Amino acid sequence: MTEAGDSAALNALPLFESTGRFLTERVAVGLQNAPKGFPGQLALTRVVAGGTDHGRMVAYAGTHELGAVVVQALERAATVAALAVTKQLAVAAVESKFRGDFLRDALIGEAGSPAEVSAHFTQLGWDVTRPLAVVVAELDVDHPESQHANSTRTDQDRLSDGWQQVVRAHERTAPSVGFRHEVVTLLPTSTDRAVRDIEGLVRKVAGDRTSGRRSFSTGVSRVIYSLADLPAAYDQACTAVVVGRRINGPGRIAHFDELGVHRLLSLQTDKSELRSFTDDVLKSLSADNAEAADLRLTLQTLLDCNCNVAEASRALHMHYNTLRYRIGKLESVVGSFTDDPVLRLNVSLALQVMKMHEMS
């Protein structure tokens, strides 16, 4: 809601993303002045119905103050809007479930032949005739739930809504569906553009995080050119989320092709077998204590420097002779890794397994 002639002034405020989303996290509920350096006043109220927070309604005047009457009118308008939104959501929920069920079937290879799947996608208004990357976004479950007053919407709902809004602005015909534990998007892109496109989308979905939004991790498949490859691409994106979070930490983007040897390690689902491997190779260095962790850091740095002692000593800020002493200590535990390329490979793999275990 704006006074006559104030629309341009409202659009000039630093409160909008490039997608058109109003940055509600920058404006408190109630009556207030416009951001510093800009004229006018803002009034903001929640659009709430049935205990669910559906969004915000904003009034703005650029040339004079907003009075109590305007604020009351805004609150009444928000009530009417909430009722209309509730009705629309009831219809949309049925449509969304139908679209979501079909996409889930397509992702697991149970929706028919590629031609049948393509035809059904077209009927739903989705264009999947171009090269695609499957993008999977998952909330980082170790991070605490954010609390939102007067709201029963879950953080998963917010993540799903954010992705769908941003994807629609980027490519209206791209499928993007929120499921119980993930959001899946089939993004039209190319191998050359995939990294740039997806990083841009993630930045827009994440926003500036000042509203307490939960962080999420994103996995990206290889670019595919046929719907016959869709189930495999979905598996790749799911693997990238899980493994990427383990090796890079939460809130990051992981591309399947960049996982390297971790792609192979992720195929071993028996954690006890992985632990047995690290114990066999690293022996006492696999212990969970400060001394073992310090020696593992030295060992990893040596491997990263191709066992160049001078280079590793500089990287570790350690005297050359001190590092020589440590190498002797390491080789007394794991063997002569500086001379044995097969042992170096095993040690390197064991250290990566340890890193994945520490991040999981």
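This note sets out numbered points on a predicted model, covering selected helices, loops, cysteines and salt bridges.

1. Basis of the values. In this predicted model, local features need pLDDT of at least 70 and side-chain atom pairs count only at pLDDT 80 or more, whereas totals for chains, interfaces and linings use all residues. Residues are numbered from 1 along each chain as its sequence is written, and side-chain values use heavy atoms, with hydrogens and water left out.

2. Helix H4. Helices (H or I, at least four residues) and strands (E, at least two) are DSSP runs, numbered from the N terminus. Helix H4 spans residues 155-170, 16 residues in total. From its first C-alpha to its last it reaches 22 Å, close to the 22 Å expected at 1.5 Å a residue; the expected span is 1.5 Å times one less than the number of residues.

3. The buried side of H4. Buried means under 20% relative accessible area, exposed over 50%, and partly exposed in between (1.4 Å probe, protein chains only). The buried residues of H4 are Asp155, Gln156, Leu159, Ser160, Gly162, Trp163, Val166 and Val167. These residues lie on the same side of H4 because they cover an arc of only 160° around the axis, the arc being that of the directions from the helix axis to the C-beta atoms. An α-helix has 3.6 residues a turn, so residues three or four places apart point the same way. The cover over the buried residues of H4 includes strands S4 (132-139), S5 (176-178), S6 (183-188) and S7 (216-220), together with helix H5 (194-206); contact here means heavy atoms within 4.5 Å.

4. Helix H10. In helix H10 (residues 309-316), the buried residues are Val309, Ala312, Ser313 and Leu316. They cover an arc of only 100° around the axis, which puts them on the same side of H10. The buried residues of H10 pack against H9 and H11. At the start of H10, a side-chain oxygen of Asn308 comes to within 3.2 Å of the backbone nitrogen of Ala310. A polar contact is a pair of N or O atoms within 3.5 Å; within protein, one must be able to donate a hydrogen and the other to accept it, and residues adjacent in sequence count only if both atoms are side-chain atoms.

5. Most residues other than glycine have a negative phi. Asn306, in the loop between H9 and H10, has a phi near 55°, a positive value. Asn306 is exposed, with a relative accessible area of 71%. Cys307 is found in the loop between H9 and H10, and its phi is near 60°, also positive in a residue other than glycine. Just after H10, His317 takes a positive phi of about 55°.

6. Cysteines. The structure holds 0 disulfides, a disulfide being a pair of cysteine sulfur atoms within 2.5 Å. For Cys305, the closest cysteine sulfur is in Cys307, 9.0 Å away, which is too far for a bond. Cys305 is buried, at a relative accessible area of 8%.

7. A search of the whole structure finds 13 salt bridges, each a side-chain nitrogen of Lys or Arg within 4 Å of a carboxyl oxygen of Asp or Glu. Asp101 pairs with Lys97, with the closest N and O atoms 2.8 Å apart. Both residues lie in helix H2 (residues 68-107), 4 residues apart, about one turn of the helix. Asp101 is partly exposed at 38%, whereas Lys97 is exposed at 55%. Asp127 and Arg130 also meet in a salt bridge (3.3 Å, N to O). Relative accessibility is 24% for Asp127 and 28% for Arg130, and each counts as partly exposed.

8. Lys329 forms a salt bridge with Glu291, the closest N and O atoms being 3.3 Å apart. This pair links distant parts of the chain, with Lys329 in helix H11 and Glu291 in helix H9 (residues 290-304), 38 residues apart. Lys329 is partly exposed at 34%, and Glu291 is exposed at 52%. Elsewhere, salt bridges that share partners join Asp127, Arg130 and Glu171 into one network.

9. Asp340. Asp340 sits in the loop between helix H11 (320-334) and helix H12 (341-359). Its side chain reaches the backbone nitrogen of Val342 at 3.0 Å. Asp340 is partly exposed, with a relative accessible area of 33%.
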